[in-house]
Amino acid sequence: MADFSILSLFNTFVPKDKGVRRLAIGVVYGAHPRQRYDVYAPIRVRTRLPLLVFFYGGGWSEGEKKNYVWMGYALAAIGYIVIVPDYRLVPEVLYPDFLKDCACAVRHAVSQAKDYGADASRLALIGHSAGAYNAAMLTLDPSYLGDKKISALVGVSGPYDFYPFDVKASRDTFSAWPRPAETQPISYARKVSTSVLLLQSTADTVVGIHNAVNLQTRLKATGTDVQLKLYDHLSHQDMAAVFSGPFRRKSIIRSDVAAFLTDRV
């Protein structure tokens, strides 16, 4: 499993984007203590902005929104109202309960969008690693948010096609489910109105490149608007780290995401 503690250190040591504020902390979307989200917004914006929900990674067993304040700032600075939720983790819950939490967070954020200065009709999801899995499942499996229009999905280094379960994180999270194909985002590949951007490093040793390649191939065959962008020399953690100010010179990933979302949300 990747060492996500490296990313959590960014809150302490990495300067945050200017012109952004944390609009709300710990908004309650459910009864469990982890069913909370934070809201980030650009300062001095007079028009309603698109709503962008970011799901962090951590192998479905670790992660806290308080460790991704830097990401909230980095994404809001592009011009979005950004939601960063916590969700219940393994081993307290298994698949699909953490996905239900993520869906509840999105629904709650959409219902409160006006209070945050967001336009709920312009909704996008983005995630890194296990968070990209969560975002992809919410987009492709209509049982979660089938009644919501998701304008765009951005998956960063996500696992989408990883059965048989060959690492501890996937075994712990999914092996108890009796129908393993149902746990795989690629099983739900269909023509969707959502525009999809999949980002993957050829040097990633945590999530294999086949995940993004296979999902892009399957979605493209259905006629979905999907793009795959590959990057060299970036580790699994780097793919998230380059969203932060000091590391942006290492890759154009954040600029690629900004351009993609601007054209589609």
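**Exercise 1. The chain as a whole**

What percentage of the 265 residues in the chain do buried residues make up? Describe the overall build of the chain as well.

*Solution.* The model is a predicted one, in which local features need pLDDT of at least 70 and side-chain atom pairs count only at pLDDT 80 or more, while totals for chains, interfaces and linings use all residues. Residues are numbered from 1 along each chain as its sequence is written, and side-chain values use heavy atoms, with hydrogens and water left out.

Step 1: begin with the definition, by which a residue is buried under 20% relative accessible area, exposed over 50%, and partly exposed in between, with a 1.4 Å probe and protein chains only. Buried residues make up 58% of the 265 residues.

Step 2: turn to the secondary structure, where helices (H or I, at least four residues) and strands (E, at least two) are DSSP runs numbered from the N terminus. The chain has 11 helices and 8 strands.

Step 3: compare the radius of gyration, taken over C-alpha atoms, with the globule rule of 2.2 Å times the number of residues to the power 0.38. For 265 residues a compact globule would have a value near 18 Å, and the 17 Å of the chain agrees with this. Along its principal axes, the C-alpha trace spans about 50 × 40 × 35 Å.

**Exercise 2. The interior**

Which residues have the most contacts inside the largest nonpolar core?

*Solution.* Step 1: a nonpolar core is a set of buried Ala, Val, Leu, Ile, Met, Phe, Trp, Tyr and Cys residues joined through side-chain atoms within 4.5 Å. The largest one has 95 residues, and L125, L138, F243 and L261 have the most contacts inside it.

Step 1: take F243 and list its contacts, meaning heavy atoms within 4.5 Å. If residues up to four places away in sequence are not counted, F243 touches several residues, including W70, M71, I126, V156 and V257.

Step 2: in helix α6 (residues 130-140), 11 of the 11 residues are buried, so the helix is largely enclosed by the rest of the structure. L138 is one of these buried residues.

**Exercise 3. Cysteines and backbone geometry**

*Solution.* Step 1: a disulfide is a covalent bond between the sulfur atoms of two cysteines. The criterion used here is a pair of cysteine sulfur atoms within 2.5 Å, and the structure holds 0 disulfides.

Step 1: the sulfur of C102 is 9.4 Å from the closest cysteine sulfur, in C104, which is too far for a bond. C102 is buried at 1% relative accessibility, whereas C104 is partly exposed at 38%.

Step 2: the peptide bond from V90 to P91 is cis, with omega near 10°, and P91 lies in the loop between β4 (81-85) and α4. The bond from Y163 to P164 is also cis, with omega near 5°, and P164 lies in the loop between β6 and α8 (168-174).

Step 3: S129, in the loop between β5 and α6, has a positive phi of about 60° although it is not a glycine, and it is buried at 6%. S157, in the loop between β6 and α8, has a positive phi near 55° and is buried at 0%.
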